[in-house]
Amino acid sequence: MEFTIAQVAQLLGGEVKGPSDLKVNRLSKIEEGTEGAISFLSNLKYEHFLYTTSASAVIVDRTFEPKKAYSPSLILVDNAYTAFTRLLEVYHNALTFRKTGTEEPVRVGKDVEIGEGIYLGAFAYIGDHSRIGKNVKIYPHVYIGENVVIGDNTILYSGVRIYDNCKIGASCTLHANAVIGADGFGFAPQADGSYKGIPQLGYVVLEDNVSIGANTTIDCATMPEDATIIRNGAKLDNLIQVAHNVEIGRNTVIAAQTGISGSTKIGEQCMIGGQVGIAGHLHVPNKTIITAQSGISKNWEREGLVLRGSPAMENRENLRTEVGVRRLPELEKRVKELEKILKELTLPANS
Amino acid sequence: MEFTIAQVAQLLGGEVKGPSDLKVNRLSKIEEGTEGAISFLSNLKYEHFLYTTSASAVIVDRTFEPKKAYSPSLILVDNAYTAFTRLLEVYHNALTFRKTGTEEPVRVGKDVEIGEGIYLGAFAYIGDHSRIGKNVKIYPHVYIGENVVIGDNTILYSGVRIYDNCKIGASCTLHANAVIGADGFGFAPQADGSYKGIPQLGYVVLEDNVSIGANTTIDCATMPEDATIIRNGAKLDNLIQVAHNVEIGRNTVIAAQTGISGSTKIGEQCMIGGQVGIAGHLHVPNKTIITAQSGISKNWEREGLVLRGSPAMENRENLRTEVGVRRLPELEKRVKELEKILKELTLPANS
Amino acid sequence: MEFTIAQVAQLLGGEVKGPSDLKVNRLSKIEEGTEGAISFLSNLKYEHFLYTTSASAVIVDRTFEPKKAYSPSLILVDNAYTAFTRLLEVYHNALTFRKTGTEEPVRVGKDVEIGEGIYLGAFAYIGDHSRIGKNVKIYPHVYIGENVVIGDNTILYSGVRIYDNCKIGASCTLHANAVIGADGFGFAPQADGSYKGIPQLGYVVLEDNVSIGANTTIDCATMPEDATIIRNGAKLDNLIQVAHNVEIGRNTVIAAQTGISGSTKIGEQCMIGGQVGIAGHLHVPNKTIITAQSGISKNWEREGLVLRGSPAMENRENLRTEVGVRRLPELEKRVKELEKILKELTLPANS
């Protein structure tokens, strides 16, 4: 993707000082800028790089006044940092949605509806009766089962697996090798000590704007027409396990390697750290914060708590006990000392 | 799949009251039943739904006596709940094994034996000299290396990877993106501080009726002709790590994200929670129960123990120490109080 | 692969006693040796197997003197164990690099450079502008994005996913379903409670001799032209999470299911156990040892520390507190006893 400096300035509502018809094709830090790169200068600590950089253009605050000669064109904006961030977004978006068309070979089943503007990478598989929305990007080696729905503008990276009947919303991102809709882990013990699988016949719903990390697994619900549900705007990192019949509330964010056991409902706007474990059949209230490696084994009633430790306590209580544990060897010494004094004290009385 | 109500009744050993030639094609909760659905009524708390549901058929206990008019056909059975569960199983089984035939393109190597009734999904890969049993279901994008054996009625979901020489038993289920037979993690330190890989030349054996969750990894044994072994009926959830030379006993069930280090032998009929870690070269006795997030770092001799905590203790002992830890801040106060009293007590004597 | 006994002896610098033109085609334990197998005898505890084995050849120490009749040819070497290990390496190497050529169908993009001696398995995908070195082994279903570089002699097992712009060094091994370069987990909270993705535009660098386990995920850096970096000789086990902008030093080894949060820098020659969590923006010094399931939540200054527990302490301190925790119920009793004695002691004085 190539733009002229003028085009970039227009996008940012900025003004060019210097040549405006040069082409730029990438973003770069100012200290690493080379010809064709566009960079920015916000923190004046880095001002000296402006006078040496080979970047073709540098975004600066309107108020900035150079003190020496420099070679790049300047793009003057109200806030250079915000403008550059905006540029990153536009660039990322353009990259993400640039691919269209179908690469051969692919396998598309019977009675499949496909919206306009989609990208269907080589070796992608779409099962019968599935419906794919507009501008969906299906990377190579994606597997979509039967009767699946994928909303508009959703991106499925290479190796994503979506089992039959799952519903994926609009503007979702699923990273490579994520697995949506595998069987929940349910087995009934038999008289001979073996286990018999409890049929897992439900599906998974991801609402809109959901993000799923690489190698994360979300199991289907047990009963037919029941769903494991990830609500609008929830963001899940890599290698997370979400068991059957779980529900995760709107705008809840969960860091990598956390596991959520069956039938647990997590509220809205929660922030859950990495490697957290949450037991089954619990309810986690809205706005709960759970620190990394914690273990949630019971229900908490109030919203907005900070939980920590395994088994988790309220943060302040947990920190107190953590300090207590560190001081334990010293506490034992103090008790020993007390015992000694008391023994000496009581000895004469008994003798 | 469509059946008449009469066919369903016959399968369940039940009796139809009402029209029996209507077609049903799905299972549904009674409160959500629509035309073509079959549902059940077991708990009389939900009886009122019978009088409003649009389900085509409802399974009820023989002893049930309706109090109002209703529209569905009834299927009378000894136990409505058990019958519905049986129906779920049959339905699940029919769904699971419904696919047969080969979808193009696939790649099948030289000297491969394939049993009858198999499904070979598009983009599946089978390496040279492998033997695939009857009714095996190989979903799209499965990779099977060379000289692999897959037993009858086993299901490999999309993206399963099976390295060379592994032996998978009959009636196993491997969920999407599970990896069987990758190299064990073994490296020999060299004089210059680098590590040299210790060749991992063994394989993996899954005996019959083993279930492996999505994105779970089971490493091969180190020595040629040696195997990492998962015994008959063991059930492993998602995202589990099983290292080289591990053995997991019959009918042991393991929840998600647990990791088992190299050469550890786990007994039969164990129940291991999620996010458990088990150190290497240990032996876990039969019927051991390990609670979630525990860490097993030593051998335990007795069968049937409940282990908890990291490092794990027997459950009762661990719970006592957990309570102790919670009371630590209070205990410190009590010791402080004792010190104060004792100081006051001893002061006059010393003065 | 088949060799004569004479060829094997030559490779090992050994001498054959008995027929040397027999063919051997596999390695085996002496107790399981059958015709065509080559085995070794090092520990004399197993000497009796020599007199019964059907292996075609057995490697023994030059100093070994048989006490009975035996059937295999002997290969006399200075150290039978070392020689057998060497044989395992050669065998493993030969196995690993035996495949060459392209299996159809594959998809190779525009402007792709491919070195000689590579293996390109069926259904492999290489994006535009990527450069693949010599002797690279790309197994079936591998996805390589655009503008990726893969160094010589690197092996990508089935289902590996490499996002655009990543650089993989020479002699690296990436196991099945590893994901390199997915988006880092970065979201900016919005006024309405939702989160907006922070564009992740960087890439991942694996230097030479890096090993990545099955289903491990390594996220790309946030800024364009920035990288998450795994240095030369680092070895990562299965199911590990490495977040954006992390750097892992030379020859550091990390066991399965460990997670490293964003922007953390890990030194050289560290040994990190399984299921460890390391918080973001930290620096872990060279030669740090972290025991399994630990949680690192702050910076440690000194090199070579052993860290343990969550939150981690120095090993000795942690072990002291672990012992203290186990003795807590007893300590509480002792304090109670002290309180009782003191109460009795002070009562008369107050009465």
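This is a predicted model: local features need pLDDT of at least 70, side-chain atom pairs count only at pLDDT 80 or more; totals for chains, interfaces and linings use all residues.
**Walking through a three-chain model**

In chain B, strand 27 (residues 227–230) and strand 30 (residues 247–248) run parallel and are joined by 2 bridges. Look along the pair and you will find Ile230(B) standing opposite Ile248(B) of strand 30. In general, strands of a sheet pair through backbone hydrogen bonds, in either a parallel or an antiparallel way.

Next comes the interface of chain B with chain A. Chain B brings 62 residues to this contact and chain A brings 66. About 5000 Å² is buried between the two, and carbon and sulfur atoms give 60% of that area. On the chain B side, Phe123(B), Arg326(B) and Glu332(B) lose the most area to chain A, together 12% of what that side buries.

What holds charges face to face here? Across the interface of chain B and chain A there are 8 salt bridges. A salt bridge links Lys196(A) with Glu89(B), whose closest N and O atoms are 3.4 Å apart. Several elements of chain B give two or more residues to this side, among them helix 3 (80–97), helix 4 (315–326) and helix 5 (328–350). Helix 5 of chain B provides the largest share, 11 residues. Sorted by class, this side of chain B has 29 nonpolar, 16 polar and 17 charged residues.

Finally, turn to chain C where it meets chain B. This contact takes 62 residues from chain C and 66 from chain B, and the two chains bury about 5000 Å² between them. Phe123(C), Arg326(C) and Glu332(C) supply 12% of the area that chain C buries against chain B, more than any other three residues. The count between chain C and chain B is 8 salt bridges. In a salt bridge between these chains, the side chains of Glu146(B) and Arg98(C) meet at 2.9 Å, N to O.

Key:
Residues are numbered from 1 along each chain as its sequence is written. Chains are lettered from A and ligands numbered from 1 in the order in which they are written. Side-chain values use heavy atoms; hydrogens and water are left out. Contact means heavy atoms within 4.5 Å. Buried area is the accessible area (1.4 Å probe) that two parts lose on being put together, summed over both. A salt bridge is a side-chain nitrogen of Lys or Arg within 4 Å of a carboxyl oxygen of Asp or Glu. Helices (H or I, at least four residues) and strands (E, at least two) are DSSP runs, numbered from the N terminus. Ala, Val, Leu, Ile, Met, Phe, Trp, Tyr, Cys and Pro count as nonpolar, Asp, Glu, Lys and Arg as charged, and the others, Gly among them, as polar. Two strands pair if DSSP finds at least two bridges between them.
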